[in-house]
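Student: Please take me closely through one part of this model. I would like the local geometry and what surrounds it in the chain.

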Amino acid sequence: MVSLSSAQHTLHGRYKSLLKMSYPIDYKNSINSSRLIIYDSKSLIIMEKLLRLIFGFAFLFYSVAMLKNSLEESTNTSYFYFTLFYSISVLTFLIYVTYKFTRLLKFKKIIGQSNYNNRKIAKKVLEKLGWSIVYDTKNYIVINPNESSFALGQQITLIFNKDEILFNSFGYFRNFLKSPISFGKNSANFKKFNEFFESTTSY
């Protein structure tokens with residue numbers, strides 16, 4: 001058993017209560033759409049969409065305003081090129097973040113054995129990795145990997161569909177808003193789980 005410090009227990013308890021906003025999961029529609037579908041509250045959905053719009057428009061407006069100002073003061077060539085570079089960088093960043101949001105709830109597939117065996121092996125893997133199960137049904141499991149970076153928490157979901165495991169990992173900024181930026185955590189979580197799963201099934 002993995003022993004946790006009092007601080008880790010507090011963090012885990014806080015994370016566990018906050019995760020209530022991210023399940024139950026509509027696993028049937030998730031399987032059909034190949035995308036994690038969560039029964040989020042309407043207020044949370046509206047808040048997330050509103051903040052994305054505000055964030056996007058604020059950055060875009062600021063960069064356009066700087067570019068407009070530089071065009072009006074075209075005598076300063078260095079300032080013009082700086083604002084042009086800045087505007088292009090902001091636009092590229094917004095496109096990247098939008099793309100990451102579209103991929104945020106997508107699944108990665110792991111081909112295993114039967115539904116029953118996959119669940120059994122998956123639980124062994126979670127135990128080896130020291131990841132905590134915070135919600136468990138016969139169709140899916142919601143997991144806390146007990147890791148965080150800065151203000152970013154993590155949620156992992158496994159959906160069992162015949163011989164497949166549908167894997168999704170995403171981050172929470174400030175522990176309640178889904179974040180498109182994971183600092184590589186989502187890919188690392190999948191790699192860890194997949195490697196342990198394959199090594200466990202080979203025995």
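Tutor: Helices here are DSSP runs of H or I with at least four residues, strands are runs of E with at least two, and both are numbered from the N terminus. This is a predicted model: local features need pLDDT of at least 70, side-chain atom pairs count only at pLDDT 80 or more, and totals for chains, interfaces and linings use all residues. Residues are numbered from 1 along each chain as its sequence is written, and side-chain values use heavy atoms, leaving out hydrogens and water.

Look back into helix 5, residues 115–129. Its 15 residues should span 21 Å at 1.5 Å a residue, and the end C-alpha atoms are 21 Å apart, which agrees. The expected span is 1.5 Å times one less than the number of residues. Buried residues of helix 5 are Asn118, Arg119, Ile121, Ala122, Val125, Leu126 and Leu129. Buried means under 20% relative accessible area, with exposed over 50% and partly exposed in between (1.4 Å probe, protein chains only). An α-helix has 3.6 residues a turn, so residues three or four places apart point the same way.

Now look ahead. Strand 2 (residues 132–136) pairs with strand 3 (residues 140–144) in the antiparallel sense, over four bridges. Two strands pair if DSSP finds at least two bridges between them. Tyrosine 135 has valine 142 of strand 3 as its bridge partner. Three residues make the hairpin that joins strand 2 to strand 3.
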